[in-house]
Amino acid sequence: MRYLGLLILMVGVFIALLVASGWRPPYRYNPWARLDLRAEPDWLTRFRLYRLQHHNDQCLAALAQAGAEYRAVSDRPLVDGCGWQGTVMLRGTGQATLATPTVVTCPLAASLVMLDAHVLQPRAASTFGSPVAVIEHVGSYSCRNIRGDDGSALSSHARAEAIDITGFRLKNGHDISVMRDWKRSVSGAFLHQIQAQSCGYFGVALGPDYNAAHAGHFHLQAGAMGWCR
C-alpha cells in the first residue's frame, strides 16, 4: 500500500508538471476543454454542454466559432419565476435558419447547433438527399405552467430554456411536419430518429409518443438529465 500511494503521488506530480508547462490532454479526453460545437460528439459532450450553464462567455464563444447567427440579449429579471438570463436571439445554427428568430438561453442554442450539425443535416442528406434549410418552431419563451392553469409547476419555457420544434423545411422545398408525418413511413422514420438522438444534446426531449399535448412538436429543453420520451 505504501508503494501504491507513492506511485499515485508521483503520477500526480508528473501530470501537474505537464499542465504547468502548458500541456493539455486531447480534446476527447479533457472534460474541461472549451466545447467545440463542430467537433464530433463524444462521451464528454453532455458534460461540456452542462458546463455552459455556468460559463456564458464560453457559450457565446462556442456559438460564434460554430458560425451560429445570434445576438446577445439583456437579462430579464425573474418575476414570479418568469424571465430569462444568459440568453441570445437565435436566427440560425450556421447551417439552417430558424423560421422566426427566438430568444433562447445560450446553452439551449448550443444544443440546437449541435443537433443540427451532427443529426439533422446528415440524416436529412442520407434520407432525402437534401439538407435542412429551415427549422420550424412555435417559440421558446412563454410565462406559463407546464399544463396551463391547473396549478402545475412553471414550464421551462418560462425561462426560455426550451423550444418547441414543429417540423423542418429542406433545401429542395420538401416540408416535414411532426403533426402530419410522425406515423408516415419515410418522413416518420426520419422524425423518430431525430427525436431519439436529441437526447444526446438536451436534458429533456419529448415527442408525440409522450402524450397528446406533444402530438405536433418536439419539446427540446436544455439541461443534463437526458430524458427522452
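A cavity is a set of points, on a 1 Å grid over the protein atoms alone, where a 1.4 Å probe fits but cannot get out. A pocket is an open set with protein on both sides within 12 Å along at least five of seven lines, and lining residues have an atom within 4 Å of a point. Grid points are joined across faces, edges and corners, and a volume is the space filled by probe spheres set on the points. This structure holds 2 cavities of 30 Å³ or more.

The model is predicted: local features need pLDDT of at least 70, side-chain atom pairs count only at pLDDT 80 or more, and totals for chains, interfaces and linings use all residues. Residues are numbered from 1 along each chain as its sequence is written, and side-chain values use heavy atoms, with hydrogens and water left out.

Start with the strands. Helices (H or I, at least four residues) and strands (E, at least two) are DSSP runs, numbered from the N terminus. Two strands pair if DSSP finds at least two bridges between them. Strand 4 (residues 87-92) pairs with strand 5 (residues 97-105) in the antiparallel sense, over 5 bridges. Thr87 has Thr105 of strand 5 as its bridge partner.

Thr97 has its bridge partner, Val134, in strand 6.

A nonpolar core is a set of buried Ala, Val, Leu, Ile, Met, Phe, Trp, Tyr and Cys residues joined through side-chain atoms within 4.5 Å. Buried means under 20% relative accessible area, exposed over 50%, partly exposed in between (1.4 Å probe, protein chains only). The largest nonpolar core has 45 residues, of which Leu37, Leu63, Phe168, Phe190, Phe218 and Leu220 touch the most other members. Elements that give two or more residues to this core include helix 3 (56-66), strand 7 (162-170), helix 6 (186-197) and strand 10 (218-221). Helix 4 gives the most, with 12 residues.

What about Ala117? Ala117 lies in helix 4. It counts as partly exposed because its relative accessibility is 24%. Its C-alpha atom is separated by 7.3 Å from that of Gln95, 22 residues apart along the chain.

Helix 4 also reaches both cavities. The largest cavity has a volume of about 50 Å³. Among the residues that line it are Leu49, Tyr50, Pro107 and Ser111. Helix 2 (45-51) and helix 4 each give two or more residues to this lining, and helix 4 gives the most, with 3 residues. The lining divides into 5 nonpolar, 3 polar and no charged residues. Here Ala, Val, Leu, Ile, Met, Phe, Trp, Tyr, Cys and Pro count as nonpolar, Asp, Glu, Lys and Arg as charged, and the others, Gly among them, as polar.

The second largest cavity holds about 30 Å³ of space. Its lining includes Leu112, Ile135, Phe168 and Leu220. Helix 4 gives the largest share, 3 residues. This lining has 8 nonpolar residues, no polar and no charged.
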